[in-house]
Amino acid sequence: MTTVYAKVGSPLGELLLAGEERPGGEVALASLSLPGQKGAAVVRDGWRQAPGAFAPVAEQLAAYFEGRLTRFDVVYADGVGTEFQRRVWGALDAIPYGETVSYGQIAAQVGSSGAGVRAVGTAIGRNPLLVVRPCHRVIGADGALRGYAGGLDCKERLLGLEGALAVRR
């Protein structure tokens, strides 16, 4: 499969979208990175720029940032992450727009409560699809903003957009 990419403007800055081009021209999103993101994807040799391939995702992102979209309909690339990470990421996908949950709630949901909260936090931190897979909706048990690969300012902006602003401590 060929890796394709596009850069898309947003209120958070220029987003980098990367994905796998499948037979028939469909693109499965593998990564959505924010400017300055910890562990962000970088364009590599052999990747092909294909803005048109990401037009449906770009349209959904624009609608989200304009407050007209509350749930993304995106095909994700297969085989990304460990089985545990995929379970955690599946729990993220289920968090409704405008709501927040704690790391402990996610850990309980995936059967990893107690000391497993740290493992859940690590899995969330490795989410390659910021914004569309809403890891920004996970906050501390005390209601405070906690880590976000895109930075706490971006997390705060996303939660504010959704009307679910948490407290920064």
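UniProt lists Cys135 for "active site" in an unreviewed entry; such positions follow the numbering used here, feature names are shortened, and annotations may be inferred rather than shown by experiment. This is a predicted model, where local features need pLDDT of at least 70, side-chain atom pairs count only at pLDDT 80 or more, and totals for chains, interfaces and linings use all residues. Residues are numbered from 1 along each chain as its sequence is written, and side-chain values use heavy atoms, with hydrogens and water left out.

**Around Cys135**

- Look for Cys135 in the loop between helix 4 (116-125) and strand 6 (138-139); helices (H or I, at least four residues) and strands (E, at least two) are DSSP runs, numbered from the N terminus.
- Is Cys135 buried or exposed? Cys135 is buried, because its relative accessible area is 5%, and buried means under 20%, exposed over 50%, partly exposed in between (1.4 Å probe, protein chains only).
- Beyond its neighbours within four places in sequence, Cys135 is in contact (heavy atoms within 4.5 Å) with Leu92, Ile124, Asn127, Leu130, Tyr148 and Lys155.

**The sheet and the annotated domain**

- Strands of a sheet pair through backbone hydrogen bonds, either parallel or antiparallel.
- Here, an open sheet of four strands has the order 3-2-1-4, with mixed pairing; two strands pair if DSSP finds at least two bridges between them.
- Its edge strands, strand 3 (27-33) and strand 4 (48-49), each pair on one side only.
- Strand 2 (residues 15-21) and strand 3 run antiparallel and are joined by six bridges; Glu21 has Val27 of strand 3 as its bridge partner.
- The unreviewed UniProt entry has the annotation "domain: Methylguanine DNA methyltransferase ribonuclease-like", covering residues 4-73.
- Over residues 4-73, the chain is 16% helix and 30% strand, with the end C-alpha atoms 19 Å apart.

**Helix 1**

- Which residues of helix 1 (residues 55-65) are buried? They are Val57, Gln60, Leu61, Ala63, Tyr64 and Phe65.
- The cover over the buried residues of helix 1 includes strand 2, strand 3 and helix 5 (152-161).
- After helix 1 comes Gly67, with a positive phi near 80°.
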